[in-house]
Amino acid sequence: QVQLVESGGGLVQAGGSLRLSCAASGRTLSRYTVAWFRQAPGKEREFVADIARSGDNTTYTDSVKGRFTISRDGAKNTVYLQMNSLKPEDTAVYYCAVDFAPDMGGSVTSVPTYDSWGQGIQVTVSS
């Protein structure tokens with residue numbers, strides 16, 4: 001099992017930036033695909049970005065391309081989500097998630113693909 005703890009959320013004005021962190025204990029994150037999802041009130045949880053275990057391959061949902069960057073620090077066993085040019089529609093609870101079986105071919109954008117989730121952290125963007 002792995003314990004995931006998100007941090008770095010908060011309240012920011014539109015156009016501002018935040019960096020979310022997902023720190024892991026119990027397993028080495030660099031062995032797995034790690035993703036960020038978000039869930040706004042009254043909406044389903046949606047994929048934001050993922051990073052493959054190699055660290056070279058990343059995927060983003062269209063609405064965040066060019067604004068968000070996912071990265072990992074193996075030494076700190078942490079995955080980050082740098083969020084720039086934030087918009088009010090980015091307001092949500094953000095979750096990091098880990099896929100322990102990336103070779104099984106599950107869709108990286110699909111919630112059921114992921115085996116372990118953090119508790120979530122609130123990001124609020126004011127207009």
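Entry 1. I looked up arginine 53 and found that it is partly exposed, with a relative accessible area of 38%; buried means under 20%, exposed over 50%, and partly exposed in between (1.4 Å probe, protein chains only). The model is predicted, so local features need pLDDT of at least 70, side-chain atom pairs count only at pLDDT 80 or more, and totals for chains, interfaces and linings use all residues. Residues are numbered from 1 along each chain as its sequence is written, and side-chain values use heavy atoms, with hydrogens and water left out.

Entry 2. I searched the whole structure for salt bridges (a side-chain nitrogen of Lys or Arg within 4 Å of a carboxyl oxygen of Asp or Glu) and noted five.

Entry 3. I examined aspartate 90 and arginine 38, whose side chains form a salt bridge at 2.9 Å, N to O. Aspartate 90 lies in the loop between strands S8 (78-83) and S9 (92-99), and arginine 38 in strand S4 (residues 33-39), so the pair ties together parts 52 residues apart in sequence. Strands are DSSP runs (E, at least two residues), numbered from the N terminus. Both aspartate 90 and arginine 38 are buried.

Entry 4. I returned to arginine 53, which meets aspartate 103 in a salt bridge (2.4 Å, N to O). Aspartate 103 counts as exposed at 63% relative accessibility.

Entry 5. I noted a salt bridge between lysine 65 and aspartate 62, with the closest N and O atoms 3.0 Å apart. Salt bridges that share partners join Arg38, Glu46, Arg67 and Asp90 into one network.

Key: Helix = DSSP H or I, 4+ residues; strand = E, 2+ residues; numbered from the N terminus.
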